[in-house]
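Dear colleague,

Please find below the structure that I am handing over to you. A summary of the findings follows it, and I would be grateful if you read the two side by side.

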Amino acid sequence: MAPRPRLLLVLVLLGALRVLFCLSPAYMHPDEFFQGVEVTASSILGIEGLRTWEFTSPQPVRSLTAIHILYGAPFVLVRLLRDHLGVPLTPRRLFFAGRLGACLGTFLADWSVWRVVRRAGGRAGCSAVLLASSAAALAFFPHAFANCAAAALLALCIDMLDCARHANRLMLHCGVLGIVLALGTFAHATFPLFALPLALCVLPLGVRPTVYTALSALLTCVLLISLDSA
């Protein structure tokens, strides 16, 4: 069921407000940049950037590959504009490119919540408004924190698990669930603590869904480890 016009208007306004906060020249904590945006920008654009101990220690606690997957798209676009259209790089453009890309990615959480509640027969529009108007969404989602990316991935995991329980393409959704579980684990150290209950919820679905989820997660982990170690 589609949201009512008033709820849809509220959702659009809240989404616009999130983007407006994203485009404001302010930040909450340096981790917003050091956790991924600066590392990704320096790698893709070939510019000088700071890599903190999380990436440079003998046993890094963050995955460069996962960071590039989550934050790389805006800087790839910036690189294409620079190389093919001659658009100059400025600190302001890099600042807002990374933040805007991360902010747009958080709308995956809103979309996932709406889908899950709709399938359950609940008031999907109201649920989406509750999320979009929450303090966490308005304060943190406009910023490029790794926590925000992890929140969006966790919401997607809930959506995929719910799809696997109610939709026809059981194996497809279990496969995607495994991929997202692995990506979230490599993106943020605390992600497995929140994702573990979701992983355990796959077990009642049967042997094949459990194997598909575990296999896709394992293959994704192997791929990420191989790329990080290259």
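I begin with a pair of helices: α1 passes α5 in a right-handed crossing. A crossing is called right-handed if the near helix is turned clockwise from the far one by less than a right angle, and left-handed if anticlockwise. Helices here are DSSP runs (H or I, at least four residues), numbered from the N terminus.

Before going further, please note that this is a predicted model, in which local features need pLDDT of at least 70 and side-chain atom pairs count only at pLDDT 80 or more, while totals for chains, interfaces and linings use all residues. Residues are numbered from 1 along each chain as its sequence is written, and side-chain values use heavy atoms, with hydrogens and water left out.

Helix pair α1 and α5

Two packed helices are described by the angle between their axes and the distance between the axes. The axes of α1 and helix α5 (residues 91-119) come within 9 Å and cross at roughly 155 degrees. These axes are lines fitted to C-alpha atoms over the stretch in contact, with angles running from 0 to 180 degrees between N-to-C directions. The two helices, α1 and α5, are therefore roughly antiparallel to each other, a term for angles over 145 degrees.

Salt bridges

Side chains of opposite charge can pair when their charged atoms come close. A salt bridge is counted when a side-chain nitrogen of Lys or Arg is within 4 Å of a carboxyl oxygen of Asp or Glu. By this rule, the model has eight salt bridges.

One of them joins R115 to D159, with 2.6 Å between the closest N and O atoms. Because R115 lies in helix α5 and D159 in helix α8 (residues 146-166), this pair ties together parts that are 44 residues apart in sequence. Both R115 and D159 are buried; buried means under 20% relative accessible area, exposed over 50%, and partly exposed in between (1.4 Å probe, protein chains only).

D162 forms a salt bridge with R119, and here too the closest N and O atoms are 2.6 Å apart. This pair also links distant parts of the chain, with D162 in helix α8 and R119 in helix α5, 43 residues apart. D162 counts as buried at 11% relative accessibility, whereas R119, at 27%, counts as partly exposed. Salt bridges that share partners join R115, R119, D159 and D162 into one network.

A further salt bridge is formed by R62 and E54, whose closest N and O atoms are 3.2 Å apart. Both of these residues, R62 and E54, are buried.

Individual positions

P30 is found in the loop between α1 (5-22) and α2 (31-45). With a relative accessibility of 34%, P30 counts as partly exposed. The C-alpha atoms of P30 and F145 are separated by 9.5 Å, and the two residues are 115 residues apart along the chain.

D31 lies in helix α2 and is partly exposed, at 28% relative accessibility. Between the C-alpha atoms of D31 and R82, 51 residues apart along the chain, the separation is 27 Å.

H143 occupies the loop between α7 (135-139) and α8, where H143 is buried, with a relative accessible area of 8%. H143 and G98 are 45 residues apart in sequence and 9.2 Å apart in space, C-alpha to C-alpha.

L177 belongs to helix α9 (residues 170-187). At 0% relative accessibility, L177 counts as buried. Its C-alpha atom is 9.7 Å from that of L153, and 24 residues separate L177 and L153 along the chain.

Surface patch

Which residues make the nonpolar surface patch of about 580 Å²? The patch is made by V207, V211, L215, L218, L219 and V222. Patches are built from residues with over 30% relative accessible area and no salt bridge, nonpolar side chains (Val, Leu, Ile, Met, Phe, Trp, Tyr) being joined within 5 Å and like charges within 9 Å. Accessible areas come from the Shrake-Rupley method with a 1.4 Å probe, and for residues only the protein chains shown count as cover. Within the patch, L219 has its place in helix α11 (residues 207-229) and counts as exposed, at 54% relative accessibility.

Yours sincerely

Definitions and conventions. Parallel < 35°, antiparallel > 145°, perpendicular 65-115°, else oblique.
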